[in-house]
Amino acid sequence: MVQEKFENLTSEHALLVFLVVVSGFMVARSFQWSRTTAIFPQFVGSATLIGALLLLARDYLPEPLHTVVTGSTSITGGGQSDEMRAEKEAEAGEHRESNVPDRPVPPALFTGILVTLYIGLSFLFSMFIVTPLFVVAYLVWFERPWYMIVFLTALSIVLAYAFAQILIVPVDRGVFVGDLLYISLPGVP
């Protein structure tokens with residue numbers, strides 16, 4: 001019975017649970033900071049927490065709220081009949097099943113393990129080093145084309161560098177790795 005419940009879990013569920021935990025922690029910890037410092041983490045954490053909870057509970061929501069959460073409304077007003085929607089969902093389910101390769105670890109579990117490793121290794125060795133490795137590992141596991149792996153890995157390096165240089169976020173620091181990019185932060189030795 002328990003195994004049946006876990007078979008229905010996807011990597012989306014794992015990611016949403018992870019977002020709920022992290023955003024809840026972010027909101028809870030932000031109350032220890034000054035009012036002006038806490039505004040941004042409280043806002044972002046609350047929005048993420050509410051959004052992730054709505055996505056996790058979308059199958060149990062009343063129809064109007066379910067429609068808003070799943071985004072199945074049309075701006076032009078042309079709706080789909082229930083039959084058309086069910087047919088599209090069946091086709092998508094068949095397509096998803098045919099695209100999932102046989103792996104020793106289910107995709108949801110792999111995603112959870114990889115995200116946990118990403119957080120731990122980022123703390124130890126810096127996000128600047130670990131982010132491209134995470135991108136490569138994730139994309140190789142899900143058998144993406146090589147050009148996508150190269151492009152997204154390069155993009156992750158550029159984004160990490162931008163965070164470090166423009167936003168002055170110390171993503172280049174870890175427990176075992178010091179200033180890789182030599183970012184000077186006011187008041188931080």
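The model is a predicted one, so local features are reported only at pLDDT of at least 70 and side-chain atom pairs only at pLDDT 80 or more, while totals for chains, interfaces and linings use all residues. Residues are numbered from 1 along each chain as its sequence is written, and side-chain values use heavy atoms, with hydrogens and water left out.

The chain has eight helices and zero strands, where helices (H or I, at least four residues) and strands (E, at least two) are DSSP runs numbered from the N terminus. Read from the N terminus, the order is simply α-α-α-α-α-α-α-α. Of the 189 residues in the chain, 22% are buried; here buried means under 20% relative accessible area, exposed means over 50%, and partly exposed is in between (1.4 Å probe, protein chains only). As for contacts (heavy atoms within 4.5 Å), take those in the chain with a separation of 6 or more: 50% of them involve residues 24 or more positions apart.

On the α6 side the contact includes F110, L114, Y118 and S122, and on the α7 side it includes M127, V130, T131 and F134. The crossing of α6 and α7 is right-handed, a term used when the near helix is turned clockwise from the far one by less than a right angle, with anticlockwise giving left-handed.

Helix α7 also pairs with helix α8 (residues 146–165), the axes coming within 9 Å and crossing at roughly 160°. Once again the label is roughly antiparallel for α7 and α8, and their crossing is right-handed. Among the residues that meet here are F128, V135 and L139 in α7 and M148, L152 and S156 in α8.

S122, in helix α6, is buried at 6% relative accessibility. Leaving aside residues up to four places away in sequence, S122 touches L117, M127, V130, R173 and G174. With G174, the C-alpha to C-alpha distance is 6.7 Å, although S122 and G174 are 52 residues apart in sequence.

T131 sits in helix α7 and is buried, with a relative accessible area of 13%. The side chains of T131 and Y118 are joined by a polar contact of 2.7 Å. Beyond residues up to four places away in sequence, T131 touches Y118 and S156.

Over in helix α4 is T67, buried at a relative accessible area of 18%. The T67 side chain reaches the backbone oxygen of E63 at 2.8 Å.

A search of the whole structure turns up one salt bridge, meaning a side-chain nitrogen of Lys or Arg within 4 Å of a carboxyl oxygen of Asp or Glu. The partners are R58 and E12, with the closest N and O atoms 3.0 Å apart. R58 is in the loop between α3 (35–56) and α4 (63–70) and E12 is in helix α2 (residues 11–30), so the pair ties together parts that are 46 residues apart in sequence. R58 is buried at a relative accessible area of 18%, whereas E12 is partly exposed at 36%.

Finally, a word on the loops. Most residues other than glycine have a negative phi. S126, in the loop between α6 and α7, has a positive phi near 90° and is buried at 0% relative accessibility. E143, in the loop between α7 and α8, has a positive phi of about 50° and is exposed at 54% relative accessibility.

Conventions. Polar contact = N/O pair within 3.5 Å; in protein donor to acceptor, adjacent residues only side chain to side chain. Axes fitted to C-alpha atoms, helices over the stretch in contact; angles between N-to-C directions. Parallel < 35°, antiparallel > 145°, perpendicular 65-115°, else oblique.
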